[in-house]
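Q: I've got a two-chain model open and I'd like to learn how to read it feature by feature. Can you walk me through?

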Amino acid sequence: MNEQSSSPRTEYGYAFLILRLWLGLRALFAGLEKFESKGSYSFAAYYENMGRMATGISGASFLPLWSTKLFAFSIGYLLLVFGLTLLLGIKTRLTLVAHGLLYVALSFGLMVVQEAEGVAWLGMHVVLTVGALLLVRYNRFAVTRD
Amino acid sequence: MSDVNSSPVSRRDFIGTGAKLGAFLAAAPYVARGAAGAAKADQLNVALIGCGEQGRILTNAALPIPGVRFKAVCDIWPYNLTRTERLLKKFGHEARPFEDYREMLSSVSDIDAVIIATPDFMHAEHTNAALRAGKHVYCEKLMSNTVEGARSMVVTARETKKLLQLGHQRRSNPRYQHARDRILNGDRLLGRVTNISGQWHRAVSDDYGYPANQAIVEAKLGKYGYANMHEFRNWRWFKRYAGGPMSDLGAHQIDMYNWMLGSNPRSCMASGGTDYYKTHEWFDNAIAIFEFPTKDGMVRASYQVLTTTSAGGGYHEYFMGDEGALKLSENPKYTKLYREARAPEWDQWVAKGIVASPTSGEGAPAAVKPWEKVGVKKLGGPSKSAGVDVRETAALSAWDIPVTLDKAIHQPHLENFVDAVRKGTPLSCPGESAFATAVTVLKINEAIAAQKTLMFKPEDFVA
């Protein structure tokens, strides 16, 4: 009994659950904070924050404003969706792939403005997402099964 | 009868109207003259005596003032004279050049005011002559290298009833005026001021030279009081011409001690010497300490001038009180306001525009990159282990003064002088007040020589 209850599959399952919850919460709040300005949340604040981000990146790089705006104005919604789907365990494998690619895209935005600290910070998210993908086969407590 | 009755003019009306008409006719020539004068009043004809470095600075500061017209320039060195004459010509001023100020004062009759930027030892002679010729005078600081010279200038201005402004230009700087009238005195944001420190630190510099073919012959130099061309060019370092760096640099800042506190010192101790330069007579390293009695109590004030290093934060005057401190400088980058942790919050003063929250530099929030979200608190800063021990008190918070000067630093002071001549408005630095500063500053050299504390008497500051 003891040997069976401490099988690697169970430990990997809990390990993945912890990682999934962490990544889900992180994505959810990263998305939410983009709607915040001076303590209150609104769509107006979102477009102000994201407009500033897009203009700042375009102003300091070769990326055209239309492309940074397209990315910036969608990123908050994507993070909210990814956060919720990771927390609930909906299409987890697909969500992790999309989540990882989103962080690669974010990293690219900071690479082009030579923001090394930010790139390293986002790199940690990418590594954790990669780890989650390696463990996704042990996914448990999920609404949908992949 | 009917004519009399129907007349609209009574005897009383007739007399009254006649009196008014008479008064108007009597005043007519003066009214006409006044109108012509008003048209001309906008123009102020000035002459410049002393076309060296400071003379050109004052010229450049005076040129943007509407109505100021340079009519004459005077310098014993043709090299300087020609440069200034050409500068003025570029701006449309036909200024007649003179070597001798006496000739200038006697031959150019339409001069209203004279700007004097000659070496200190000539200030009294030039100022007194200009005043006696009926001109208003703006003279560079320090008034004179002797108390007697400075006193004679005040006396002459008083006798001739002409205006005498001294070039302590910080008094007309709106940032300094705001600091004195609102921060230090009006709203008393510093609380009880107990101490002032001030300094001017300059790096080592070479003596001034001159083009070999531009040297003035010694006979001519001797006629005007100079020993040789080297001393003529480097007069600030020689005792017969100047008061040394305490007078050249310190005078501006020590004038701020007197002016900001509204008080004159009661004592002076000092130390100084020519420790570095072999070619200078005057000190290159000098420190003075004053005691200023004020209505709030004693203020002890130190001042240091170094011409051997630019280390230690440039030049500033630092007023320290129990609730805050004010670091003032003509250079905005050295200017800052500090609040003690124990003092009441300054939010109300920010709202009233008396102080400002810094947006850059010391005290400003961490810089936000263009793509970063504004207002996010960041982790970091000194760790707890790097904090104070029991001997230290809480750090001061840094603030800014929301008043800036967007002109050359001498221009507001010249404008104040021009306004005083034209409109009769008060001078920022009249002779009587500048005399007190001259007495204060010249006492330092005396205290260094005496190697003991020297006391002032209240009557010392009265010319």
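A: Let's begin with a term: a salt bridge is a side-chain nitrogen of Lys or Arg within 4 Å of a carboxyl oxygen of Asp or Glu. Keep in mind that this is a predicted model. Between chain B and chain A, the count is 3 salt bridges.

Q: Which side chains of chain B and chain A meet in a salt bridge at 2.7 Å?

A: That's Lys373(B) with Glu36(A), at 2.7 Å from N to O. Salt bridges can also share partners, and here they join Glu33(A), Lys34(A), Glu36(A) and Lys373(B) into one network.

Q: How many residues of each chain are in contact at the interface?

A: Contact counts heavy atoms within 4.5 Å. On that basis, 7 residues of chain B touch 11 residues of chain A. The two chains bury about 770 Å² between them, with 52% of it on carbon and sulfur atoms. On chain B's side, Pro370(B), Trp371(B) and Lys373(B) supply 81% of the area buried against chain A, more than any other three residues.

Q: What is the mean pLDDT of chain B?

A: The pLDDT is the predictor's confidence in each residue. For chain B the mean is 90, and 89% of its residues reach 70 or more. Two stretches fall below 50: residues 1-11, with 2 contacts beyond near neighbours in sequence, and residues 14-19, with 1 such contact. Where pLDDT is low, the predicted coordinates should not be read in detail.

Q: Now the fold. How many helices and strands does chain B have?

A: Chain B comes to 14 helices and 15 strands. Of its 463 residues, 47% are buried. To see how the chain folds back on itself, look at contacts between residues at least 6 apart in sequence: in chain B, 70% of them join residues at least 24 apart.

Q: Why is helix α3 of chain B described as largely enclosed by the rest of the structure?

A: A residue counts as buried under 20% relative accessible area. In helix α3 (residues 53-62) of chain B, 7 of the 10 residues are buried, so the helix is largely enclosed by the rest of the structure. The buried ones are Gln54(B), Gly55(B), Arg56(B), Leu58(B), Thr59(B), Ala61(B) and Ala62(B). Their cover includes strands β1 (44-49), β2 (68-74), β4 (113-116) and β5 (136-139) of chain B, along with helices α4 (78-90) and α13 (411-423).

Q: Are Arg171(B) and Asp255(B) buried or exposed?

A: Both are buried. Their side chains meet in a salt bridge at 2.6 Å, N to O. This pair links distant parts of the chain, 84 residues apart: Arg171(B) is in the loop between β6 (164-166) and α8 (174-186), and Asp255(B) is in helix α11 (residues 245-261).

Q: And which residue meets Arg266(B) in a salt bridge?

A: Glu291(B) does, at 3.1 Å from N to O. Arg266(B) sits in the loop between α11 and β8 (267-273), while Glu291(B) is in strand β9 (residues 285-294), 25 residues apart. Arg266(B) is partly exposed at 36%, whereas Glu291(B) is buried at 18%.

Q: Let's finish with a single residue. Where is the place of Thr160(B)?

A: Thr160(B) is in helix α7 (residues 147-160) of chain B and is partly exposed, at 22% relative accessible area. The side chain of Thr160(B) reaches two backbone oxygens: that of Thr156(B) at 2.8 Å and that of Ala157(B) at 3.4 Å. Leaving aside neighbours within four places in sequence, Thr160(B) is in contact with Leu131(B) and Arg132(B).

Definitions and conventions. Residues numbered from 1 in each chain as written. Chains lettered and ligands numbered in written order. Predicted model: local features only at pLDDT ≥ 70, side-chain atom pairs only at ≥ 80, totals over all residues. Heavy atoms only, no water. Buried area = accessible area lost by both parts, 1.4 Å probe. pLDDT = per-residue confidence, 0-100. Helix = DSSP H or I, 4+ residues; strand = E, 2+ residues; numbered from the N terminus. Buried < 20%, exposed > 50% of the residue type's maximum accessible area, 1.4 Å probe, protein only. Polar contact = N/O pair within 3.5 Å; in protein donor to acceptor, adjacent residues only side chain to side chain.
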